[in-house]
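Thanks for coming. Please have the sequence and the model open.

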Amino acid sequence: MADANEAAGGLVARTLTLELARVTERAAVAAARLRGQGREKEADQAAVDAMRRELNLLPVDGTVVIGEGERDEAPMLYIGERLGTGSGPKVDIAVDPLEGTTLCAKDMPGAIAVMAMAESGTLLAAPDVYMQKIAIGPGYPSGLVDLDASPADNIAALARAKGVDPSQITAIVLDRPRHTALVAAVRATGAGIRLISDGDIAGIIFTTSPEETGVDIYLGIGAAPEGVIAAGALRCIGGQMQGRLILDSHDKRERAARMGVSNPDRKYELADLARGDVIVAATGVTDGALLKGVRFKPGGIETETVVYRSATGTVRRILATHCGPRFEA
């Protein structure tokens with residue numbers, strides 16, 4: 001039975017939740033076969049190919065609005081690509097078949113296969129550029145932190161809301177040279193920093209459960225595709241996020257304009273990045289704080305997947321063993 005949201009033209013039956021899990025499971029397994037081999041491009045391509053195959057089996061009329069390229073000839077899942085059987089509802093698709101290609105190539109923690117799906121026209125369509133981001137978890141007053149405020153002001157506001165000293169706040173930041181000044185500004189407040197080499201989708205999700213992850217706030221610049229997918233997850237599990245596309249060249253501004261971005265300096269709120277009925281699925285490739293990695297065992301292949309859905313506020317964790325031929329090399 002469809003729920004009220006779906007009956008009003010929402011995102012199709014709730015069985016699609018499990019179907020998206022199958023998509024990321026297959027992408028994760030394909031990438032995991034190359035784990036630790038130092039072959040970033042090959043692992044990414046394997047995940048892309050597996051994700052594309054599975055998405056094309058779904059009863060949807062899907063369009064990639066967030067992908068890994070913008071040209072029709074791109075080997076990756078490119079922006080504008082049509083996926084699905086074409087016989088179902090129109091949906092937006094955002095993909096990151098292998099978030100953390102370097103993590104997978106080096107068999108380091110935190111590589112995942114992840115995607116989001118939502119009703120058509122509800123995910124931000126943006127070029128594959130960088131995005132400035134800030135995110136915190138649920139339970140705080142609206143507008144507590146702001147992308148345009150200083151790191152000191154944001155840390156102080158969050159500390160006051162939690163009733164703690166700034167030294168008890170931890171920010172998660174991508175370990176990049178571009179963040180040198182940001183890291184110094186955060187540490188000047190007394191707050192701690194967890195630097196991550198890759199994986200800012202998981203980094204943003206970590207802010208939703210600081211009692212488990214030890215992470216209170218995400219700050220910095222990462223890829224726009226990951227920003228939209230992370231926003232989809234926050235729409236399902238709660239939290240606040242703002243983002244701004246970094247369109248620092250004429251070419252990038254033109255590309256964004258072609259995709260409907262009329263104000264290149266716009267600050268996007270969470271609902272601007274992802275709204276409506278959103279489903280996000282992620283499967284671990286390597287072991288990490290968010291998910292266990294793929295396990296290849298004599299009796300089958302084991303995966304761990306998390307699926308979020310905004311319409312129901314549901315978080316499902318799926319531990320699966322795969323023995324069928326579709327998972328054979």
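Predicted model: local features only at pLDDT ≥ 70, side-chain atom pairs only at ≥ 80, totals over all residues.

Valine 48 sits in helix H3.

Staying with H3, let me turn to its partner. Two packed helices are described by the angle between their axes and the distance between the axes. Here the pair is helix H2, residues 16-32, and helix H3, residues 40-55. Their axes come within 8 Å and cross at roughly 155°. The cut-off for roughly antiparallel is over 145 degrees, so H2 and H3 fall into that class. H2 passes H3 in a right-handed crossing.

Which residues of H2 meet H3? On the H2 side they are Arg22, Val23, Thr24, Arg26, Ala27, Ala30 and Ala31. Facing them in H3 are Ala43, Ala46, Ala47, Ala50, Met51, Glu54 and Leu55. Sorted by class, the contact of H2 with H3 comes to 10 nonpolar, 1 polar and 3 charged residues.

Next, two buried strand residues. Valine 91 lies in strand S3, which covers residues 90-99. With a relative accessibility of 2%, valine 91 counts as buried. Valine 91 and valine 278 are 187 residues apart along the chain, and their C-alpha atoms are separated by 9.9 Å.

Arginine 309 is in strand S13, residues 300-309. Is this arginine buried or exposed? Arginine 309 is buried, because its relative accessible area is 2%. From arginine 309 to glycine 232 is 77 residues in sequence and 8.8 Å in space, C-alpha to C-alpha.

Now to the loops. Arginine 275 is placed between helix H11, 270-273, and strand S11, 278-284. At 43% relative accessibility, arginine 275 counts as partly exposed. Leaving out residues up to four places away in sequence, arginine 275 touches Ala118, Gly121, Thr122 and Arg235. Arginine 275 and leucine 16 are 259 residues apart along the chain, with 18 Å between their C-alpha atoms.

The other loop residue is aspartate 107, found between helix H4, 101-105, and strand S4, 112-119. Most residues other than glycine have a negative phi. Aspartate 107 has a positive phi, near 55°. Its relative accessible area is 45%, so aspartate 107 is partly exposed.

Last, the cysteines. How many disulfides does a search of the whole structure find? The search finds 0. Cysteine 323, at 57%, counts as exposed.

That is the end of my list. To go back over the helix pair, H2 and H3 are roughly antiparallel, and their crossing is right-handed. I can take questions now.

How values were computed: Residues numbered from 1 in each chain as written. Heavy atoms only, no water. Disulfide = S-S within 2.5 Å. Buried < 20%, exposed > 50% of the residue type's maximum accessible area, 1.4 Å probe, protein only. Axes fitted to C-alpha atoms, helices over the stretch in contact; angles between N-to-C directions. Helix = DSSP H or I, 4+ residues; strand = E, 2+ residues; numbered from the N terminus. Parallel < 35°, antiparallel > 145°, perpendicular 65-115°, else oblique. Left-handed = near helix turned anticlockwise from the far one by under 90°. Contact = heavy atoms within 4.5 Å. Nonpolar A, V, L, I, M, F, W, Y, C, P; charged D, E, K, R; others polar.
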